[in-house]
Amino acid sequence: MGVARRRPDRAGEDALTTESRVEREEAKRDETAEAAAVRADGRSGRRRVAARAVTVAAFLFVLVALVLPDEYARLTPAAFVRVPVEGIAGVVLILAAPQRARRYVALAAGALLGVLTVLKVMDIGFDAVLVRPFDLVLDWPLLRPAVEFVEESAGRAGAIGAVVAVGALLVGVVVLMALAALRLSRVAVRHDRKAAKTAAVLGVVWVVCAALGVRFVDGVPVAARSDAVLAYDHARQVRDSLNDREEFAKAAAVDAFRDTPGSRMLAGLRGKDVLLAFVESYGRTAVENPQYAPQVGAILDDGTRRLRGAGFSARSGWLTSPTAGGGSWLAHATLLSGLWVDNPQRYRTLVNSDRFTLNQAFRRADSRTVALMPAITRAWPEGSFFGYDKVYDNRNLGYRGPRFSFATMPDQYTLSVLQRTELDRKDRAPVMAETALVSSHAPWASIPRLVGWDQVGDGSVFTGMGKGYDAAWPSGGRVRTEYRKSIEYTLNTLVSYVETYGDDDLVLVFLGDHEPAPLITGPDAGRDVPVTIVAKDKAVLDKVSGWGWQDGLRPAKNGPVWPMSAFRDRFLTAFGG
């Protein structure tokens with residue numbers, strides 16, 4: 001008999017299998033859900049980290065904008081360790097504002113802060129170059145020369161790209177500042193109690209620091225209110241600038257020499273050749289700053305001895321320039337017109353007027369008036385206003401040598417052209433020549449050497465000495481050394497010129513146009529420049545004996561200081577009869 005086999009319980013097996021499959025599927029779903037939750041938590045964590053990072057970035061962006069100094073010399077890390085009262089006031093304003101208005105208050109406040117930040121950056125740039133803040137009304141014409149400088153250095157495409165980039169950056173600062181303020185306002189509202197307590201504590205700190213005058217950087221108090229002061233100062237500046245044209249017109253209407261007849265004009269210089277030379281960036285710093293004074297002073301003292309040996313005497317004093325760091329044309333216009341010309345609007349008003357200039361005084365006294373302006377590379381309509389019979393510029397000076405960074409030619413070549421084309425001529429009238437000596441112009445990247453005056457020729461002798469217009473600035477502290485050397489070069493050139501070509505009829509008046517930029521001078525340098533008169537005829541210097549000027553080429557440290565605008569009238573008075 002066979003053994004009966006038991007058939008498997010398919011129903012039980014199926015039940016077990018189904019139950020197992022369900023469990024596996026549920027477990028899989030649980031694992032998927034758990035993984036999704038982990039991923040969600042990860043994404044949420046990353047979002048939280050990113051949100052906090054954005055908030056911190058917005059806080060730092062606003063804080064830097066609030067405490068950023070508006071002067072180039074104050075830009076040090078310690079200057080950013082300050083408590084801005086505007087930030088405290090902003091928190092209070094947001095918490096006190098109605099809920100519906102908070103968004104608009106935050107955006108408006110942020111946009112205003114962005115505009116003030118842009119203005120502050122403009123102030124820093126102007127202070128670094130021209131040692132003064134940006135004028136919202138009068139300084140826009142200066143942007144064109146800035147673009148032209150970039151175009152000559154980097155080409156037209158580079159200039160267009162720079163303009164577009166700057167425009168985008170300015171708009172971006174305002175927009176991002178508004179968004180940053182909005183984000184911080186939302187954080188302050190969510191944590192209103194903490195925000196209020198923090199604002200109260202910082203307010204007490206600000207008051208204490210303000211009362212005690214706490215500061216980590218000279219001139220930069222820890223209790224900061226720079227944006228409020230900035231807004232007030234520029235608002236006042238706008239008012240003054242809008243009234244400036246009228247004030248300048250009143251000053252220009254007064255002129256004691258306009259109707260002086262030629263027979264009484266500059267009689268004390270009758271028959272003399274007068275050379276008026278502006279030395280680029282030659283300021284009090286070059287003569288008195290310990291970084292430059294020993295070497296420059298030695299050049300001046302040696303020049304005094306050399307000129308005395310050639311029969312010449314000199315007297316030196318100080319003038320205060322209307323500009324610093326740049327804007328040489330403002331200094332030229334101030335000295336020649338007897339008016340204080342310290343901004344582009346005054347300059348444009350002057351050259352479109354009938355103001356009687358020092359050049360015109362010499363022309364009325366029957367002198368031939370000429371200008372040698374090697375840095376002018378295009379039409380210069382102002383030449384006719386100043387009263388020149390002839391203008392020599394980069395286009396007709398005949399130079400065939402290399403360029404010396406900004407300087408189109410060496411100062412020695414400029415003076416040699418004056419001698420060859422004007423002073424060596426026979427049967428001529430006395431000459432009054434004005435020149436701008438630009439070998440000491442920034443960036444001081446290329447300085448020529450003196451050669452024999454009989455070797456100058458068309459300037460080819462200088463080949464191998466120069467560098468192009470876009471020559472790099474000297475690095476580090478070497479830029480100060482090169483600045484000093486450039487001043488030494490120009491002073492030596494003037495002394496050598498007088499030694500070589502000077503005669504009984506030569507009168508040399510040379511002066512600085514302005515101080516160089518703070519990079520060279522350091523902070524708080526002032527605007528004084530040396531001025532010197534050199535002559536062989538003793539009667540010439542006797543005319544200025546009452547001025548209190550120092551004998552020699554070096555002015556006395558405590559010598560009299562006049563505004564540059566006073567020179568025209570004093571000069572015409574001294575030599576008037």
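## Reading the labels of a predicted model

Tutor: Pro443 lies in the loop between strand 9 (431-437) and helix 15, where helices are DSSP runs of H or I with at least four residues, strands are runs of E with at least two, and both are numbered from the N terminus. The model is predicted, so local features need pLDDT of at least 70 and side-chain atom pairs count only at pLDDT 80 or more, whereas totals for chains, interfaces and linings use all residues. Residues are numbered from 1 along each chain as its sequence is written, and side-chain values use heavy atoms, with hydrogens and water left out.

Student: What kind of peptide bond joins Ala442 and Pro443?

Tutor: The bond is cis, with an omega of about 15°. Most peptide bonds are trans, and most residues other than glycine have a negative phi.

Student: How do you know whether Val131 and Asp524 are buried or exposed?

Tutor: The relative accessible area decides, computed with a 1.4 Å probe on protein chains only: under 20% is buried, over 50% is exposed, and anything in between is partly exposed. With 32%, Val131 is therefore partly exposed, whereas Asp524, with 67%, is exposed.

Student: Why is the pairing of Arg74 and Glu71 called a salt bridge?

Tutor: Side chains of opposite charge can pair when their charged atoms come close. The label requires a side-chain nitrogen of Lys or Arg within 4 Å of a carboxyl oxygen of Asp or Glu, and in this pair the N to O distance is 3.3 Å. Arg74 is buried at 14% relative accessibility, while Glu71 is partly exposed at 34%. The structure holds 30 salt bridges.

Student: What makes the salt bridge between Arg355 and Asp255 a tie between parts apart in sequence?

Tutor: The closest N and O atoms of Arg355 and Asp255 are 3.8 Å apart, and the pair forms a salt bridge. Arg355 belongs to the loop between helix 11 (344-351) and helix 12 (358-364) and Asp255 to the loop between helix 7 (244-252) and strand 5 (273-279), so the pair ties together parts that are 100 residues apart in sequence. Arg355 counts as buried at 3%, and Asp255 counts as buried at 14%. Salt bridges also link Asp255, Arg355, Arg568 and Asp569 in a network.

Student: Where do the two partners Glu499 and Arg306 lie?

Tutor: These side chains meet in a salt bridge with an N to O distance of 2.7 Å. Glu499 is part of helix 15 (residues 478-501) and Arg306 of helix 9 (residues 293-309), so this pair ties together parts 193 residues apart in sequence. Glu499, at 34% relative accessibility, is partly exposed, and Arg306, at 24%, is partly exposed.

Student: How are helix 2 and helix 5 oriented to each other, roughly parallel or roughly antiparallel?

Tutor: Angles between N-to-C directions run from 0 to 180 degrees, with axes fitted to C-alpha atoms over the stretch in contact; under 35 degrees counts as roughly parallel, over 145 as roughly antiparallel, 65 to 115 as roughly perpendicular, and the rest as oblique. Helix 2 (residues 85-96) and helix 5 (residues 192-212) pack at about 150°, with axes 10 Å apart, and they are therefore roughly antiparallel.

Student: Why is helix 11 described as largely enclosed?

Tutor: Of its 8 residues, 6 are buried, so helix 11 is largely enclosed by the rest of the structure. The buried ones are Pro344, Gln345, Arg346, Tyr347, Leu350 and Val351, and they pack against helix 6 (226-242), helix 7, helix 10 (328-337) and helix 13 (382-386).

Student: Which residues touch the most other members of the largest nonpolar core?

Tutor: Such a core is a set of buried Ala, Val, Leu, Ile, Met, Phe, Trp, Tyr and Cys residues joined through side-chain atoms within 4.5 Å. The largest has 103 residues, and Leu266, Leu335, Phe510 and Phe571 touch the most other members. Helix 15 gives the most to this core, with 8 residues. Leaving aside neighbours within four places in sequence, Phe510 is in contact with residues including Ala277, Leu491, Val534 and Leu553.

Definitions and conventions
Contact = heavy atoms within 4.5 Å.
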